[in-house]
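Biologist: Hi, I'm new to this one. Can you walk me through it?

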Amino acid sequence: QVQLVESGGGLVQPGGSLRLSCTASGSIFSSSVMGWYRQAPGKQRELVADINYVSSTNYADSVKGRFTISRDNAKNTVYLQMNSLKPEDTAVYYCKIVQWIGGTRYEYWGQGTQVTVSS
């Protein structure tokens, strides 16, 4: 069983920055992919960015050049550095981990952290 704990959300003005962190407890394997998703009111949850164990990354077009995902495998932690924030980035941000163990896929989600971009 893996538990994810997120932190770092808050209120920021347009153009500002925030850094989200998500730490996983339990066994994390080299098959794992960790990612950030977000869900704005009335919208579907969408991928923001994800990163595999060797730090290959994938970003949504809407955040490319503004957000950076990274991970520290020694700490079982994934980060999302968000710069040049826009009001449309306002959402609840969720951390997710997927890993395969013995051919079985396991998926876990964090509880979410609110990010609000407003003047």
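Modeller: We'll take the sheet, the disulfide, the aromatic rings and the core in turn. Keep in mind that this is a predicted model.

Biologist: Okay, sheet to begin with. What is the strand order in the open sheet of four strands?
Modeller: The order is β1-β3-β8-β7. The pairing is antiparallel.

Biologist: Which strands are at the edges?
Modeller: β1, residues 3-7, and β7, residues 67-72. Each of these edge strands pairs on one side only.

Biologist: How much are neighbouring strands turned against each other?
Modeller: By 15° on average, with direction ignored.

Biologist: Let's zoom in on β1. How many bridges does β1 share with β3?
Modeller: Five, in the antiparallel sense. Strand β3 covers residues 18-25.

Biologist: Which residue stands opposite Gln 3?
Modeller: Ser 25, in β3.

Biologist: New topic. How many disulfides does the structure hold?
Modeller: One. The disulfide joins Cys 22 to Cys 95, with 2.1 Å from S to S.

Biologist: Where do the two cysteines sit?
Modeller: Cys 22 is in strand β3, and Cys 95 is in strand β9, which spans residues 91-101. They are 73 residues apart, and the pair links distant parts of the chain.

Biologist: Is the link left-handed or right-handed?
Modeller: Left-handed, with -80° about the S-S bond.

Biologist: And is Cys 22 buried or exposed?
Modeller: Buried, because its relative accessibility is 0%. Cys 95 is buried too, with a relative accessible area of 0%.

Biologist: On to the rings. How many aromatic pairs are there?
Modeller: Two. One is Tyr 37 with Trp 109, 5.0 Å centre to centre. Their planes are 65° apart, and the pair is edge-to-face.

Biologist: Which strands hold Tyr 37 and Trp 109?
Modeller: Tyr 37 lies in β4, residues 33-39, and Trp 109 lies in β10, residues 104-109. The pair therefore ties together parts that are 72 residues apart in sequence.

Biologist: Is Tyr 37 buried or exposed?
Modeller: Tyr 37 counts as buried, because its relative accessibility is 15%. Trp 109 has a relative accessible area of 32%, so Trp 109 is partly exposed.

Biologist: What about the pair of Tyr 94 and Trp 109?
Modeller: That pair is also edge-to-face, at 6.4 Å centre to centre and 85° between the planes. Tyr 94 is in strand β9 and Trp 109 in strand β10, 15 residues apart. Tyr 94 counts as buried, because its relative accessibility is 15%.

Biologist: Which residues form the aromatic cluster?
Modeller: Tyr 37, Tyr 94 and Trp 109 form one cluster.

Biologist: Which arginine lies over the face of Tyr 94?
Modeller: Arg 45, at 3.7 Å from the ring centre. Elsewhere, Arg 19 lies over the face of Tyr 79, at 4.1 Å from the ring centre.

Biologist: Last topic, the core. How many residues are in the largest nonpolar core?
Modeller: There are 30 residues in that core. Trp 36, Leu 80, Met 82 and Tyr 93 touch the most other members.

Biologist: Which strands each supply at least two residues of this core?
Modeller: β3, β4, β5, β7, β8, β9 and β11. Of these, β5 is 46-52, β8 is 77-82 and β11 is 113-117.

Terms used. Residues are numbered from 1 along each chain as its sequence is written. This is a predicted model: local features need pLDDT of at least 70, side-chain atom pairs count only at pLDDT 80 or more; totals for chains, interfaces and linings use all residues. Side-chain values use heavy atoms; hydrogens and water are left out. Two strands pair if DSSP finds at least two bridges between them. Axes are lines fitted to C-alpha atoms, for helices over the stretch in contact, and angles run from 0 to 180 degrees between N-to-C directions. A disulfide is a pair of cysteine sulfur atoms within 2.5 Å. Buried means under 20% relative accessible area, exposed over 50%, partly exposed in between (1.4 Å probe, protein chains only). Rings of Phe, Tyr and Trp (its six-membered ring) pair if their centres lie within 6.5 Å; planes under 30 degrees apart count as stacked, over 60 as edge-to-face and the rest as tilted. A charge sits over a ring if NZ of Lys or CZ of Arg is within 6 Å of the ring centre and within 35 degrees of the ring normal. A nonpolar core is a set of buried Ala, Val, Leu, Ile, Met, Phe, Trp, Tyr and Cys residues joined through side-chain atoms within 4.5 Å.
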